[in-house]
Amino acid sequence: MSNFRRLGIMKSSIFTISFAALFFVVLFAVGARCNLFLHSTTSRTIRDALVFPSNKPQRKFKPFSSPVPLLLVKEEVNESYIEYSLTNITEQQRKTWSQNKSLEFEMFQSTDLARQFSRRVQEFFKSGCEVQFFMTWISPAKSFRRREFFALESLFKAHPNGCLIILSRTLDSRHGKRILEPLQHGGFKVLAVTPDLPYLFENTPAIAWFDEIKNGRKDPGEIPLAQNLSNLLRLAVLYKYGGIYLDTDFIVLKKLSGLRNSIGAQSMDETGNWTRLNNAVLIFDKNHPLLLKFIEEFSLTFNGNRWGYNGPYLVSRVIERMQKKNPGYEHNFTVLPPMAFYPVSWNRIGGFFKRPENPAMSRWISTKLRQLSGETFGLHLWNKQSGRLRIEEGSIIGKLISDHCVICDHLYSA
């Protein structure tokens with residue numbers, strides 16, 4: 001009997017110890033998870049607060065007159081904006097994703113702000129604008145950093161009395177307002193407005209593509225949907241309003257108001273014929289027929305699995321096809337040489353960010369700056385290649401931004 005009693009006591013002790021150990025393991029796991037959540041929340045709060053208002057007095061510029069009111073659209077896409085991975089799955093799975101998730105994709109949603117788009121744009125321009133500018137920003141507001149802000153500054157340095165509307169759901173927010181305040185305090189007219197996609201796409205082939213993507217009848221492909229939406233949105237906005245489109249990684253060096261119905265060549269061959277066009281800069285009148293051809297090509301031949309197919313390659317193949325079909329025919333547009341917008345290729349842009357390390361490099365930088373001051377309207381920074389490079393003091397990019405900024409804050413920390 002005493003043996004059974006001792007055995008019962010031992011079993012009870014083992015159970016008590018096991019329960020206590022299990023309790024402390026659970027308690028430790030919960031505590032660790034809470035600490036991780038608090039750390040994540042704190043880090044996110046700090047990151048979201050990273051805006052760059054300037055405490056320095058802003059410089060104002062005298063208004064000037066321009067006989068040609070223009071409208072500029074600007075865009076940049078951050079691939080992290082799409083939270084869903086569409087790689088390594090079948091076409092049908094991507095279509096199903098498109099149908100199920102498109103309503104969660106913020107740019108597709110119809111909101112009160114989106115429905116106010118037309119009215120807000122019209123009211124903003126009533127304030128008296130020498131030049132009308134449009135931009136688009138599809139990435140999160142926290143992705144809009146000093147590098148993009150410098151592009152805005154250069155735009156206003158060249159067009160100080162212009163009005164800028166940024167088509168962006170994310171910047172049309174309290175956080176976005178804080179980002180744009182330094183320019184507004186400097187006397188520049190800038191406003192972020194949530195775009196109304198059905199309104200912008202109506203009466204064009206773009207609306208059919210938009211419906212097919214939302215209904216799961218079109219394969220969105222592996223390329224981030226925001227990137228391809230940007231390629232289409234720039235065409236639709238230009239067709240609706242006319243004007244100028246620029247990528248976000250573009251530094252404006254001189255006034256663009258003298259240009260009309262123009263597209264830039266990225267490269268040329270030895271005979272002077274272009275070999276590749278680019279859609280980082282587009283300048284067209286409202287309702288220009290070439291824009292409609294671009295939109296039609298996008299809708300009919302959309303391929304979301306090939307990078308650039310719906311962007312630079314699209315404008316290249318449409319214009320090449322037109323020129324082969326009607327050689328010598330006047331299409332009412334101009335192809336500008338690479339020096340206009342792409343004076344340096346994507347694989348050489350890194351050298352423009354480096355400071356001079358010897359007298360020979362100093363002479364090279366001086367020569368390049370003289371060349372850019374001639375027939376170059378702006379410089380494409382190829383942000384996909386240079387986005388992580390630091391702007392070094394004395395570099396070509398550093399000098400250009402210093403000469404073409406309006407707030408000029410933290411030039412070499414971007």
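**Disulfides, a helix and aromatic pairs in a predicted model**

The protein chain contains 15 helices and ten strands. The model is a predicted one. Of the 414 residues in the protein chain, 49% are buried. The accessible surface of the protein chain comes to about 21,200 Å². Carbon and sulfur atoms account for 54% of that surface. Contacts were also sorted by separation along the sequence. Among those between residues at least 6 apart in sequence, 81% join residues at least 24 apart.

The cysteines were examined next. A disulfide is a covalent bond between the sulfur atoms of two cysteines. Two disulfides were counted in the model. One joins Cys-129 to Cys-163, with an S to S distance of 1.9 Å. Cys-129 sits in the loop between helix H4 (117–125) and strand S2 (132–136), while Cys-163 belongs to strand S3 (residues 163–167), so this pair ties together parts that are 34 residues apart in sequence. The torsion about the S-S bond of Cys-129 and Cys-163 is about -90°, and the disulfide is therefore left-handed. Cys-163 has 0% relative accessibility and counts as buried, because the limit is under 20%.

The other disulfide links Cys-405 and Cys-408, with an S to S distance of 1.8 Å. Here the torsion about the S-S bond is about 105°, so the disulfide is right-handed. Both Cys-405 and Cys-408 are buried. With the bonded cysteines numbered in sequence order, the pairing reads 1-2, 3-4.

Helix H4 also holds Arg-120. This arginine, Arg-120, is buried, with a relative accessible area of 15%. Its side chain makes a polar contact of 2.8 Å with the side chain of Asp-172. Beyond its neighbours within four places in sequence, Arg-120 is in contact with Leu-113, Asp-172, Leu-191, Ala-192, Val-193 and Thr-194.

Helix H10 (residues 289–301) has 13 residues. At 1.5 Å a residue, H10 should span 18 Å. The end C-alpha atoms of H10 are 18 Å apart, which agrees. The buried residues of H10 are Leu-290, Leu-291, Phe-294, Ile-295, Glu-297, Phe-298 and Ser-299. Their cover includes helix H8 (206–214), helix H9 (225–241), strand S8 (274–284) and helix H11 (312–325).

Aromatic rings were then compared. A pair of aromatic rings is described by the distance of the centres and the angle of the planes. The count comes to 17 aromatic pairs. In one of them, the rings of Trp-137 and Phe-144 have centres 4.8 Å apart and planes at 75°. Planes over 60 degrees apart count as edge-to-face, so the pair of Trp-137 and Phe-144 is edge-to-face. Trp-137 is buried at 2% relative accessibility. Phe-144 is buried too, with a relative accessible area of 2%.

Trp-209 and Phe-302 form another pair. The centres of their rings lie 5.4 Å apart and the planes stand at 65°, so this pair is also edge-to-face. Trp-209 lies in helix H8 and Phe-302 in the loop between H10 and H11, so the pair ties together parts that are 93 residues apart in sequence. Trp-209 is buried, with a relative accessible area of 0%. Phe-302 is buried as well, at 11%. Finally, one aromatic cluster is formed by Phe-117, Phe-124, Phe-125, Phe-134, Tyr-199 and Tyr-241.

Conventions
Residues numbered from 1 in each chain as written. Predicted model: local features only at pLDDT ≥ 70, side-chain atom pairs only at ≥ 80, totals over all residues. Heavy atoms only, no water. Disulfide = S-S within 2.5 Å. Helix = DSSP H or I, 4+ residues; strand = E, 2+ residues; numbered from the N terminus. Buried < 20%, exposed > 50% of the residue type's maximum accessible area, 1.4 Å probe, protein only. Polar contact = N/O pair within 3.5 Å; in protein donor to acceptor, adjacent residues only side chain to side chain. Contact = heavy atoms within 4.5 Å. Areas by Shrake-Rupley, 256 points an atom, 1.4 Å probe, with all protein chains shown as cover. Expected span 1.5 Å × (residues − 1). Phe/Tyr/Trp six-rings, centres within 6.5 Å; stacked < 30°, edge-to-face > 60°.
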